Amino acid sequence: MATNYRLEADVAVLEIDNPPVNALSLLVREGLVQGIRRAAADGAVKGIVIGARGSFPAGADINEIANGLAFAPPILLDVQAEMESTAKPIVAAICGTALGGGFELALTCHARVASPDARMGLPEVKLGLIPGAGGTQRFTRLAGPEAALEAITSGMNLPAARALDLGLIDAIAADPLAEAAALARSLANSGGPLRLASERTDRIMGVDPGLIAAWRQKLAKRYRGQLAPLRACDAIEAACTRERAEAFKLERQYYLECRESPQRRALMHVFHAEREARKIPGVGADLAPQPIRRAAVIGSGTMGGGIAMCFADAGIPVTLLDVSREALAHGLGAIRERYAASVARGRLAKEKVEWALSLIGTTTEYEALANVDIAIEAVFEDPALKREIFTKLDRHAPAHAILATNTSSLDIDTIAAATSRPQQVVGTHFFSPAHVMRLLENVRGAQTSPQTLATVMALARTLGKIPVLAGNCDGFIGNRMLQYYGAEAERLLEEGATPEQIDRVIEAFGFAMGPLAMRDLAGNDVGWAIRRNRRLAPDERWSPILQRMAEQGRLGQKSGRGFYRYEGRERRADPEALALIEAVSRELGIERRQIADEEILARLLHPLVNEGAKILEEGIALRAGDIDIVYINGYGFPAYKGGPMFWAQQEGLGKIIETMEKLAPSHGRRWLPAQRLRQAAEKGGWTS
Ligand code: T1G
């Protein structure tokens with residue numbers, strides 16, 4: 001049975017046992033109802049404890065939500081009704097993570113005891129849902145609307161101590177089960193009325209309507225375009241303004257609305273795709289990753305410093321190597337500044353920063369790397385320099401050490417050839433800023449061993465990153481797709497669009513920043529330098545706009561003007577930029593025209609998808625979902641649209657084919673629809 005029943009003296013213990021995360025499947029729900037009824041009917045039983053083998057339930061079974069089994073009775077609401085109609089006290093014993101429906105189950109109990117390291121929360125918005133089993137109501141009634149809004153609209157989970165402060169739990173104990181049984185017993189013996197969270201009113205009286213209105217405004221900005229956070233706010237407002245039964249009904253209505261939304265399907269796709277991306281054929285779970293106890297990073301610049309911070313934050317001692325003490329001093333200074341900024345923003349405690357900094361060592365000597373388990377090179381994109389560094393690493397790092405490169409575009413095999421251990425050479429492409437961005441593109445060379453892959457995929461999770469495996473090609477997955485997106489933005493400028501229009505369309509779609517603003521942020525000189533290294537097919541051309549910008553010193557934010565004029569970080573339309581663009585149109589003999597927003601969106605996103613199809617075709621990416629994870633976590637594609645490949649499938653892959661067939665005559669053969677795209681269109685979707 002997925003819920004075991006046992007007696008501990010005069011207390012019935014219902015232990016949920018449904019690996020891997022004790023999700024509240026139909027079997028578990030049935031077991032809970034039977035267990036509660038059995039305990040209620042047993043005169044020898046004074047109280048009930050609900051616990052779990054391992055971690056407390058991580059929520060409703062998301063597979064059942066997708067396939068509808070979550071609606072098979074008894075649904076979670078039925079279990080909760082059974083609990084609230086029982087005359088005997090029910091106490092939750094929380095270990096591990098009580099999330100979503102799991103925490104809602106605990107909130108329905110008369111009391112809750114948690115272990116010191118337990119965490120709990122209602123992360124439904126991350127799946128495009130809101131709590132659907134009274135979570136917005138009981139949480140608000142126990143902890144008040146402000147705490148509820150902060151936790152439920154973000155989906156954050158709370159440490160036990162914070163939950164205790166907020167009144168969400170009643171006690172913290174080293175042995176929650178024993179403590180819960182004792183509490184159940186004392187509640188029964190006290191003979192007093194049993195308090196239900198759903199009947200509490202002290203925290204929802206006299207709530208300032210301005211609080212909810214202010215939050216609604218904040219959410220509309222922070223979660224632009226997303227339904228669930230706003231509906232969570234609506235449900236919390238109902239808890240404070242409507243009769244109890246009506247408020248619970250409204251929550252359920254909002255939950256069902258979210259469940260039916262395309263955003264929920266997209267976010268559940270992302271949830272599964274992120275976990276699928278960890279699975280590599282030929283690298284089975286039986287292949288234990290090498291332990292990474294000490295690391296080295298070569299190059300103490302922006303990327304190297306950020307990567308070193310990732311190791312330090314994960315508690316792994318790391319040695320930063322650079323050519324001089326001055327370079328290292330500069331690099332460490334930049335690291336300290338970044339940490340200080342996090343402390344100032346309240347993101348990190350000062351003690352944590354001191355601890356992390358204590359784990360970062362520096363050296364100018366390769367001899368100092370004699371005991372590292374991995375060395376990651378993060379210097380600028382100079383092939384000769386990289387080969388020189390790898391030759392030295394091969395000589396000085398221990399024989400078992402993995403030698404990784406953070407290159408964003410150079411050939412892994414060429415770098416591996418500079419060593420005697422190509423099977424231990426791999427790409428680990430971090431995204432800037434490395435200590436913030438969660439995506440890690442691990443790039444396999446021709447000789448990279450399964451053991452090396454297993455190690456860097458596991459290391460990604462140790463560093464709190466989201467790993468995706470990429471094959472070895474120019475630009476790997478993300479940057480390879482990006483070049484089409486950036487190039488097409490300039491073609492649209494040539495034909496009549498403006499930077500403001502293009503960026504407005506893309507930002508309205510859900511990206512945080514449009515392509516031209518991105519160019520100005522990264523630096524148009526940088527963009528032009530990267531482009532110079534890219535090979536064009538004979539029937540292709542780059543727009544001269546980016547080169548013109550770079551040559552005229554319109555570098556972007558760093559020079560105060562680029563595609564826009566900048567007042568601080570504020571961007572303004574710049575007539576001089578438009579004049580430069582119009583001059584290019586004239587030189588090319590292009591009659592500028594009004595371009596519809598829909599055309600802009602299609603011509604920017606469809607090439608991404610077409611290139612993604614080629615990446616699938618060539619085996620550079622294992623699955624379409626992997627490409628989605630890259631583009632969401634590395635390039636700002638809105639997660640609530642599922643990523644480029646998922647979104648294209650919802651749009652209809654035939655539309656992508658249509659756009660590419662229109663563009664190919666003027667753009668070149670590489671813009672023709674990919675074979676894999678045509679196949680997927682015929683099959684109605686990406687099979688992998
Ligand atoms: N249902 C079914 N399977 C789940 C699951 C769930 N809720 N959560 C995780 N799994 C699977 C996951 O797909 C993976 O499968 C395996 O468990 C290990 O997960 C009514 C409606 C709990 C923090 O959003 O955050 O309750 O890949 O790799 O890194 O209002 O899983 O092995 O085949 O993530 O240790 C709300 C989602 C649901 C929590 C553990 N709950 N899960 O992390 O393991 S909606 C959530 C997580 C809901 C109510 C609403 C994490 C974790 P496979 P994992 P992990």
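Trainee: By class, what residues make up the lining of the second largest pocket?
Mentor: Eight nonpolar, four polar and seven charged residues. Keep in mind that this is a predicted model.

Trainee: How much space lies in that second largest pocket?
Mentor: About 560 Å³. The lining has 19 residues, and the closest to the pocket centre are Asp313, Ser342, Leu348, His435 and Val436.

Trainee: Which helices supply at least two residues of the lining each?
Mentor: Helix H13, residues 302–313, and helix H14, residues 325–344, both do. H14 gives the most, with four residues.

Trainee: New topic. At what angle do the axes of H20 and H21 cross?
Mentor: Roughly 105°. H20 covers residues 499–509 and H21 covers residues 515–522, and their axes come within 7 Å. Angles of 65 to 115 degrees count as roughly perpendicular, so H20 and H21 are roughly perpendicular to each other.

Trainee: Which residues make the contact?
Mentor: From H20, Pro499, Ile502, Asp503 and Ile506. From H21, Pro515, Leu516 and Ala517.

Trainee: And how does the contact of H20 with H21 split by class?
Mentor: Six nonpolar, no polar and one charged.

Trainee: Now the strands. Do E1 and E2 run parallel or antiparallel?
Mentor: Antiparallel. Six bridges join E1, residues 3–8, to E2, residues 11–16.

Trainee: What stands opposite Arg6 in E2?
Mentor: Val13.

Trainee: How many residues lie between E1 and E2 in the hairpin?
Mentor: Two. Ala9, in the turn, has a positive phi of about 60°.

Technical notes
Residues are numbered from 1 along each chain as its sequence is written. This is a predicted model: local features need pLDDT of at least 70, side-chain atom pairs count only at pLDDT 80 or more; totals for chains, interfaces and linings use all residues. Side-chain values use heavy atoms; hydrogens and water are left out. Two strands pair if DSSP finds at least two bridges between them. On a 1 Å grid over the protein atoms alone, a cavity is a set of points where a 1.4 Å probe fits but cannot get out, and a pocket is an open set with protein on both sides within 12 Å along at least five of seven lines; lining residues have an atom within 4 Å of a point. Grid points are joined across faces, edges and corners, and a volume is the space filled by probe spheres set on the points. Ala, Val, Leu, Ile, Met, Phe, Trp, Tyr, Cys and Pro count as nonpolar, Asp, Glu, Lys and Arg as charged, and the others, Gly among them, as polar. Axes are lines fitted to C-alpha atoms, for helices over the stretch in contact, and angles run from 0 to 180 degrees between N-to-C directions. Angles under 35 degrees count as roughly parallel, over 145 as roughly antiparallel, 65 to 115 as roughly perpendicular and the rest as oblique. Contact means heavy atoms within 4.5 Å.
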